[in-house]
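Thanks for coming. I have one structure to go through, and I will keep it short.

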Amino acid sequence: MTITEILFYAFSAVLVVAALGVITARNPVHAALFLVFAFFNSAVIWLLLEAEFLAIVLVLVYVGAVMVLFLFVVMMLDVDLAQMKEGFTRYAPLGIIIAVLVVVEIGSVVWVKHLGVGQQSAAVAVVEGYSNTRALGELLYTKYLYPFELAAMVLLLAIVAAIVLTMRHRAGLKAQDIAAQVAVRAKDRIRIVKMDAEKPSETSSPEKQP
Amino acid sequence: MSEPLLSSLNLSVASAEIFMVCAICVVLLVDVFLSDRSRWVTYALSLLSLVGAAIVTVKTGVSARETALEGAYVADPMGDVLKLFAYGTVAVAFMYSHDYLRRRGLFKGEYFLLGLTALLGIMVMISAGSLLTVYLGVELLSLSLYAMVAFDRDSGVAAESAMKYFVLGAIASGTLLYGFSIVYGLTGTLQLDELVLAVREVGPDRIGLIFGLAFIIAGIAFKFGAVPFHMWVPDVYHGAPTPVTLFIGTAPKIASYVLAIRVLAEGLDAMVASWQSMLIALAVLSMIIGNVVAIAQTNLKRMLAYSTISHVGFILLGILAGTGDGYRAAMFYTLAYVIMAIGSFGMILLLSREGFEADRIEDFRGLNRKSPWFAAVMMMLMFSTAGVPPFVGFWAKLAVLGAVVDVGLVWLAAVAVLLSVVAAFYYLRVIKVMYFDEPADSLAVEGGGVVRALLTVNGLAVLILGIFPGALIDLCARVLP
């Protein structure tokens with residue numbers, strides 16, 4: 001066994017354990033953290049396959065952004081587990097049928113591979129100085145330039161739509177408006193009432209007198 | 001590695017889209033700095049960018065098919081004509097909506113901005129050269145429309161229909177994408193012109209391809225609003241603010257037509273036998289459900305929604321013929337339908353006032369007493385939509401039926417004719433209400449001068465195109481040889 005193979009098996013084993021943890025953990029926060037762990041391990045496996053760009057993107061995007069957002073949601077929403085498990089027995093038969101189907105499908109695919117049908121040749125080793133990132137970049141900015149730019153427009157639209165639908169200028173907010181604060185005049189804030197000076201009356205209590 | 005040259009992308013062909021993206025960014029930035037009082041600048045800029053896009057499209061118009069951006073972009077005369085039509089439709093929609101939005105306090109820059117991004121999506125679909133571009137165009141259009149439906153945030157009905165539209169639309173987009181992925185998996189190409197050859201190589205009767213095609217058809221049918229993928233249409237038309245209904249009911253129909261043409265007629269033309277039978281089922285069901293259920297409606301927006309469903313059935317009739325004649329007829333039908341639909345929704349906008357939507361059929365009672373001219377305009381629009389000569393709707397129906405009969409589907413044409421007789425009932429009911437019922441109030445028709453003038457032109461266009469249909473038919477024939 002080469003060192004690469006040892007690493008591959010080690011990280012794969014951890015990945016499988018982490019993936020099992022995602023679906024067995026009782027606490028949703030733990031499950032989300034297990035998923036982060038699984039992402040890290042699959043990123044390492046991608047690194048072993050020399051797909052370094054994808055590995056880094058997986059860590060940056062999924063671990064760095066998506067999962068953190070996910071954790072926020074899990075922590076902020078008070079998920080009631082008892083309520084979620086309510087329909088479990090009702091849907092269990094359907095779940096079992098789907099699980100059996102998937103297992104049969106996976107089994108048949110592996111079986112077909114085993115019989116030698118659709119045998120894939122081993123991946124060709126890349127030449128010296130080949131850069132995964134560069135190759136992807138060249139493809140994205142030449143052949144797929146148009147879809148790439150369109151995807152950018154879709155994202156811009158998503159930002160605009162999200163702001164349109166959620167931002168509201170509510171009255172009575174305590175936000176600070178510096179221009180208004182500077183421009184304020186005394187007569188806007190206080191009302192000066194002219195009145196005659198009053199003498200303390202005879203009947204008033206002694207402690208109110210100066 | 002060779003350095004790619006910018007010139008090899010042939011960017012100048014795609015000038016209209018590039019202009020539109022720049023215009024959208026400018027409108028977005030300018031709108032941020034405007035106060036509510038000077039919001040008209042956004043409106044003016046949006047109209048200006050439509051005019052600019054039209055000029056750019058005319059200037060860079062092509063006389064034959066050209067590709068750009070590594071085949072992801074296709075420019076052809078059909079695309080140019082449809083784009084010009086789309087600009088016009090969006091501009092008219094903006095102008096009709098202006099007064100209504102102002103009165104309801106909805107006059108915000110985002111309505112125009114989202115309208116322009118929806119238009120960009122339509123443009124992308126019109127000149128899509130690959131399945132990937134088609135999909136991105138669909139998303140750009142759909143996302144804009146979802147946001148537009150929910151635009152009036154104080155309306156619970158609008159929010160509910162937006163939610164429905166969003167969930168169902170997302171499923172439909174997924175279905176479309178799934179179909180594309182199966183076709184890609186079997187043929188190994190996303191490019192539509194390569195797909196034509198690849199499908200022949202793989203064999204159009206391959207079960208996997210037909211499986212993928214079924215998903216693609218389901219996606220297209222949803223975007224069209226054809227039965228059985230029509231559930232969103234009545235709710236969205238009814239729930240959305242009327243200017244948004246007007247928008248959704250018009251320009252995106254051009255996009256749906258072009259989606260079907262690019263994917264089915266251009267990319268998968270070898271599989272015509274398979275998609276013809278699927279489209280026959282969709283068309284017949286759409287015409288039956290659309291026309292029959294429309295009879296029971298009391299809300300005009302809902303009635304027009306079901307009428308849209310039945311018209312989609314007619315557009316599909318032209319496409320399913322699978323011949324050049326059929327595609328031309330469907331294009332003629334789509335353009336005629338857009339002109340009629342924008343007028344009908346425009347009438348609702350004209351009659352609406354502060355706190356009064358004018359979206360029930362009874363709101364049109366006695367319109368003839370209040371405003372004989374606009375009653376006449378509405379009558380022309382309704383007659384045309386019903387397919388009564390000499391209006392343009394008649395010629396559209398005739399062209400589509402001719403194309404269907406030519407490919408030997410006489411029974412289908414007979415069904416379509418029978419169902420248009422059913423359809424005549426509910427269009428005539430609107431006319432009856434306008435001319436023979438007593439008005440419920442004596443309030444005069446409000447509405448600004450621009451809307452009045454545009455509606456007059458709109459109504460006359462239906463009549464003039466009906467008396468001289470040759471121009472529009474020739475145009476369709478010239479761009480779709």
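This is a predicted model: local features need pLDDT of at least 70, side-chain atom pairs count only at pLDDT 80 or more; totals for chains, interfaces and linings use all residues.

Chain A first. There are nine helices and zero strands, so from the N terminus on the order of elements is simply α-α-α-α-α-α-α-α-α. The chain has 210 residues, and 14% of them count as buried. Its exposed surface comes to about 17400 Å², with 69% of that supplied by carbon and sulfur atoms. As for contacts at a separation of 6 or more, 54% are between residues 24 or more positions apart.

Now the helix pair. Helix α2 of chain A covers residues 28-48, and helix α3 of chain A covers residues 52-76. Their axes come within 9 Å and cross at roughly 175°. An angle over 145 degrees counts as roughly antiparallel, which is why α2(A) and α3(A) are described that way.

What makes the contact? From α2(A), the residues include A:V29, A:L33, A:V36, A:F40 and A:W46. From α3(A), they include A:E52, A:L58, A:Y62, A:M67 and A:L71. By class, the residues of this contact divide into 21 nonpolar, one polar and one charged.

Last, chain B. Helix α14, residues 324-351, has 28 residues. From first C-alpha to last, α14(B) reaches 41 Å, close to the 40 Å expected at 1.5 Å a residue. Is α14(B) mostly covered or mostly open? Mostly covered: 26 of its 28 residues are buried.

That is the end of my part.

Terms used. Residues are numbered from 1 along each chain as its sequence is written. Chains are lettered from A and ligands numbered from 1 in the order in which they are written. Side-chain values use heavy atoms; hydrogens and water are left out. Axes are lines fitted to C-alpha atoms, for helices over the stretch in contact, and angles run from 0 to 180 degrees between N-to-C directions. Helices (H or I, at least four residues) and strands (E, at least two) are DSSP runs, numbered from the N terminus. Angles under 35 degrees count as roughly parallel, over 145 as roughly antiparallel, 65 to 115 as roughly perpendicular and the rest as oblique. Contact means heavy atoms within 4.5 Å. Ala, Val, Leu, Ile, Met, Phe, Trp, Tyr, Cys and Pro count as nonpolar, Asp, Glu, Lys and Arg as charged, and the others, Gly among them, as polar. The expected span of a helix is 1.5 Å times one less than its number of residues. Buried means under 20% relative accessible area, exposed over 50%, partly exposed in between (1.4 Å probe, protein chains only). Accessible areas come from the Shrake-Rupley method with a 1.4 Å probe; for residues, only the protein chains shown count as cover.
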